[in-house]
Amino acid sequence: MTGQGIPEEYLDGYARILADASATGRRLTRDELESRRVLGERAADAGHGLRALVGAHLAATRAHWPAAHAVSVDGALAAAEQAVDAFAEGYERAQRLAVRQEEAARREFIDDLLYGRSDLGLLAERAERFGLRLSYEHAVAVAQGPDGYEEGHTVPREVERALIGRFGDRSILVTTKDGRLVCIAPGDQDEVLAYFAKRAYAATDGGRVAIGRPQAGPGGVVQSYEEALNALDLAARLELDEPVLRAADLLVYPVLTRDRQAMADLVLNTLGPLRQARGGARPLLETLTVFFDAGCVAAEAARRLALSVRALTYRLERIHQLTGADPADPVHRYTLQTAVIGARLLDWPDKEF
């Protein structure tokens, strides 16, 4: 053991190489350099620090300084430099390999976690390595921006640094999946996901964030993740403007589409007659959509559609004539609004069914 606490085995052959190279002024041979790299890899795998290892080499250089036989001081220093440089190269090579292996293990774990492909018991054991205790409740937030993001991209790194700087570790996992940012946090720490949504919205230049409900157990992460993805899909279909969506606030939509055939029948029976209008169903369907989004306030709906109130009123009357349902009547309004939601979810009239 050296004075730096480094085992002598990592300096094996160094004194001989230093003496031989210094005596002739030659450069180290390929085998000599490779032997240093191998020792550097072993030292890295054993967990020794590079500073201590370099210090041990410097101490050995002083102890075995071949001044009496060296061609020149420069020759001895050059030999020491080559040996230490090769040793450090091996050390760094082992570290890069370890990082790649860690990244591969992390990616495999994340894929298994979010797809639910692994044995849940083994998954829970692996999760502890990454700071998650899957026996507790967890919630998942997913951020989608105009660009796709992969591990190592500046955007996920920036968001992760902000979260850790604000909350510390707290069993938070920030990653990417299919080009989206993903944050997994304990279910009772909603402030973490809210802050993630804020930072992700800013970092993705106005992207959209969806937050799944807290779910318990190893399979709960998958459920919360899928809820968040479904919320993003619903937001795109319904053209929702909110930058942050919570799956708990959108539960009515999965209920409406659970019986797809029943919803399709409602859409066709209620809105199908709009196809008889000049220009087809699309303009009148858009009128209904904006009218309901404006809280059934005619003046506001007309403003959003860039129409006069009179023109809007004419369109609503035309809808009444074609469908037999009056948008101003509370009972008819519920049927029409449900059918409009169904049309948006089913992409009607662009897709016939």
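Reader: Which hand does the crossing of H10 and H14 have?

Author: The crossing of H10 and H14 is left-handed, a term used when the near helix is turned anticlockwise from the far one by less than a right angle, with clockwise giving right-handed. This is a predicted model, in which local features need pLDDT of at least 70 and side-chain atom pairs count only at pLDDT 80 or more, while totals for chains, interfaces and linings use all residues. Residues are numbered from 1 along each chain as its sequence is written, and side-chain values use heavy atoms, with hydrogens and water left out.

Reader: Where are those helices, and at roughly what angle do they cross?

Author: Helix H10 covers residues 260–271 and helix H14 covers residues 330–345, and their axes come within 9 Å and cross at roughly 120°. Helices (H or I, at least four residues) and strands (E, at least two) are DSSP runs numbered from the N terminus, and axes are lines fitted to C-alpha atoms, for helices over the stretch in contact, with angles running from 0 to 180 degrees between N-to-C directions. The angle therefore makes H10 oblique to H14, given that under 35 degrees counts as roughly parallel, over 145 as roughly antiparallel, 65 to 115 as roughly perpendicular and the rest as oblique.

Reader: Which residues make the contact?

Author: From H10 come Met263, Leu266, Val267, Thr270 and Leu271, and from H14 come Thr335, Leu336, Thr338, Ala339, Val340, Gly342 and Ala343, where contact means heavy atoms within 4.5 Å. In the contact of H10 with H14, eight residues are nonpolar, four are polar and none is charged; Ala, Val, Leu, Ile, Met, Phe, Trp, Tyr, Cys and Pro count as nonpolar, Asp, Glu, Lys and Arg as charged, and the others, Gly among them, as polar.

Reader: What about H1 and H2, at what angle do they pack?

Author: Helix H1 (residues 14–24) and helix H2 (residues 30–45) pack at about 150°, with their axes 12 Å apart, so H1 is roughly antiparallel to H2. Their crossing is left-handed, and Tyr14, Arg16 and Ile17 in H1 meet Glu32, Ser35 and Arg36 in H2. By class, the contact of H1 with H2 has two nonpolar residues, one polar and three charged.

Reader: Changing topic, how many disulfides are there?

Author: The structure holds zero disulfides, taking a disulfide as a pair of cysteine sulfur atoms within 2.5 Å. As for individual cysteines, Cys183 is buried at 0% relative accessible area, whereas Cys296 is partly exposed at 23%; buried means under 20%, exposed over 50% and partly exposed in between, computed with a 1.4 Å probe on protein chains only.

Reader: And Ala162, is that buried or exposed?

Author: Ala162 is buried, with a relative accessible area of 15%, and lies in helix H6 (residues 154–167). Not counting residues up to four places away in sequence, Ala162 touches Tyr195 and Arg199.

Reader: What is the phi of Glu239?

Author: Glu239 has a positive phi of about 55° although this residue is not a glycine. Glu239 is found in the loop between helix H8 (220–238) and strand S5 (244–246), and at 61% relative accessibility Glu239 counts as exposed.
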